[in-house]
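Have a go at each task before you look at the solution.

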Amino acid sequence: MSKSPGNPLPPAFKRIGWSNLFAQFSEQMALAAAPLAAVLLLAAGPAETGWLQMAQTLPFLLLAIPAGLVADRASRLRLMVSSEMLRALSLVATLLLMVSGLLTLPLLAAMGFVGAIGTVCYNVAAPALIPVIVPRAQLADANRWLELARSLAYSGGPAIGGAIVAWTDASLAYVAATCLSLLSVVLLAGLGEHHQPAAAKRKLLQDLTEGARFLAGHTLLRPILVTAIVFNTAWFVLQAVYVAYAIQTLGMTATGVGITLGIYGAGMMIGAFAAPAIARRVPFGVMIALGPLGGLAAAAVMLSTIWMPSGVLAGLSFFLFGAGPVLWSIATLTLRQAVTRMRCWVGFPPSSPQPRSARGRSAQRWVPSSPRVSASRHAWPLPRRVSWSSFSLS
């Protein structure tokens with residue numbers, strides 16, 4: 001995707017990076033178009049858009065762990081290709097329903113649910129494939145480029161999707177999203193298979209039990225998981241009502257809604273670009289803490305729009321939601337890849353900071369002889385113990 005400060009990233013990673021960019025762009029355009037179509041075409045209110053948002057995020061709750069178990073046993077590349085194809089088919093089906101005039105809110109939600117299944121599987125398999133392709137010393141740099149690509153998609157996707165809906169209609173937004181999704185598939189299809197460690201044949205229930213025990217007992221992963229659950233819950237509550245709230249209460253247009261959602265991606269891009277400089281100046285624990293603190297500040301700004309209705313404040317809130325948590329995403333992802341032996345990941349929704357953790361015996365703690373986590377031109381010592389109350393290394 002781009003050049004590293006040291007050795008260049010492998011060509012295979014670049015193809016995955018571009019595929020990831022197009023897939024994320026497609027997803028964000030569709031996610032922006034769906035609630036706008038619901039509000040503008042189907043006269044949906046906050047309650048209806050809430051149900052729509054639930055349908056589009058429910059697969060992350062139901063299928064993240066099973067998808068991780070599949071990725072542990074099957075080809076991750078093939079899983080990514082088939083998952084993105086499934087999402088493209090859901091976009092085509094939505095487009096046909098829209099053009100034929102048969103689209104209803106339940107059908108829009110159903111297609112969103114199917115598309116989210118593909119998103120879950122793609123997002124679980126992709127980061128688990130990276131350690132197979134990228135040398136361990138370059139993982140932090142690879143993760144940063146993935147976050148930059150995701151940030152670009154989060155910035156441009158909603159803005160373009162909202163503009164297309166405002167200037168033409170929602171069907172063209174789905175056409176563009178479908179084309180990008182298919183382009184992502186083409187890039188992956190041209191990538192050769194890479195050897196991944198064969199997983200021992202084990203019972204799924206045993207894997208799930210060991211994975212839960214591993215997470216509950218791990219000093220570093222447990223607080224990360226709890227924080228992620230709280231943050232993701234709050235984030236999806238906001239997303240469920242924001243489009244209807246912005247149009248009906250803040251008086252924003254479809255273009256304005258798309259722009260504010262795009263500002264979220266702009267915040268992610270700035271945070272990702274600033275990550276190496278910030279990492280050189282603050283302890284690793286502080287770097288992680290900046291994510292939840294940024295989310296708290298963003299929530300306070302959004303809350304203020306109840307008394308001071310303003311699209312500018314809404315945009316500022318989304319900027320903070322992007323800039324702070326992306327630092328968390330980069331830092332915690334690098335930490336998890338460093339302290340666990342990667343075979344399978346449990347994914348959280350991609351529209352928020354994405355804690356993923358390896359399971360059971362496949363994720364035994366790994367401590368190198370001289371443990372360090374490289375982040376661009378900076379290296380963090382890995383903590384033997386983290387004081388989570390003060391967010392400092394010890």
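Predicted model: local features only at pLDDT ≥ 70, side-chain atom pairs only at ≥ 80, totals over all residues.

**Exercise 1. The whole chain**

Task: Work out how many helices and strands the protein chain has, and what share of its residues is buried.

Solution: Start with the secondary structure: the protein chain holds 11 helices and four strands. Next, take burial: of its 394 residues, 58% are buried. Finally, check how far apart in sequence the contacts reach. If you take contacts between residues at least 6 apart in sequence, 81% of them join residues at least 24 apart.

**Exercise 2. α1 against α2**

Task: Decide whether α1 and α2 are roughly parallel or roughly antiparallel, and find which residues make the contact.

Solution: Get the geometry first. Helix α1 covers residues 11-40 and helix α2 covers residues 46-73; they pack at an angle of about 150°, with axes 10 Å apart. Angles over 145 degrees count as roughly antiparallel, so α1 and α2 are roughly antiparallel to each other. As for handedness, α1 passes α2 in a right-handed crossing. The contact is built from Leu-31, Ala-34, Pro-35, Ala-38 and Val-39 on α1, plus Thr-49, Leu-52 and Gln-56 on α2. Sort the residues of this α1–α2 contact by class and you get six nonpolar, two polar and no charged ones.

**Exercise 3. α1 against α4**

Task: Find the handedness of the crossing where α1 passes α4, and say how the residues of the contact divide by class.

Solution: α1 and α4 pack at about 160°, their axes 11 Å apart. That angle is over the 145-degree cut-off, so this pair is roughly antiparallel too. The crossing of α1 past α4 is left-handed. On the α1 side the contact includes Ala-12, Phe-13, Ile-16 and Glu-27, and on the α4 side it includes Leu-105, Tyr-122, Asn-123 and Ile-133. By class, the residues of the α1–α4 contact come out as 12 nonpolar, five polar and one charged. Ala-34 and Ala-38 of α1 are also part of this contact, and they turn up in the contact with α2 as well.

**Exercise 4. α3 against α4**

Task: Describe how helix α3 and helix α4 cross, and give the classes of the residues in their contact.

Solution: α3 spans residues 76-100 and α4 spans 105-133; their axes come within 8 Å and cross at roughly 160°. Therefore α3 and α4 are roughly antiparallel. Their crossing is left-handed. The contact between α3 and α4 has 17 nonpolar, six polar and three charged residues.

**Exercise 5. Two residues**

Task: Is Thr-49 buried or exposed, and is Ile-306 buried or exposed?

Solution: Take Thr-49, which sits in helix α2. Its relative accessible area is 3%, and buried means under 20%, so Thr-49 is buried. Setting aside neighbours within four places in sequence, Thr-49 is in contact with Val-39, Ala-44, Ala-240, Val-241 and Ala-244.

Now Ile-306, which lies in the loop between α10 (284-304) and α11 (311-339). At 51% relative accessibility, Ile-306 counts as exposed, because the cut-off for exposed is over 50%. Ile-306 and Leu-250 are 56 residues apart in sequence, and their C-alpha atoms are 9.0 Å apart in space.

Methods:
Residues numbered from 1 in each chain as written. Heavy atoms only, no water. Helix = DSSP H or I, 4+ residues; strand = E, 2+ residues; numbered from the N terminus. Buried < 20%, exposed > 50% of the residue type's maximum accessible area, 1.4 Å probe, protein only. Contact = heavy atoms within 4.5 Å. Axes fitted to C-alpha atoms, helices over the stretch in contact; angles between N-to-C directions. Parallel < 35°, antiparallel > 145°, perpendicular 65-115°, else oblique. Left-handed = near helix turned anticlockwise from the far one by under 90°. Nonpolar A, V, L, I, M, F, W, Y, C, P; charged D, E, K, R; others polar.
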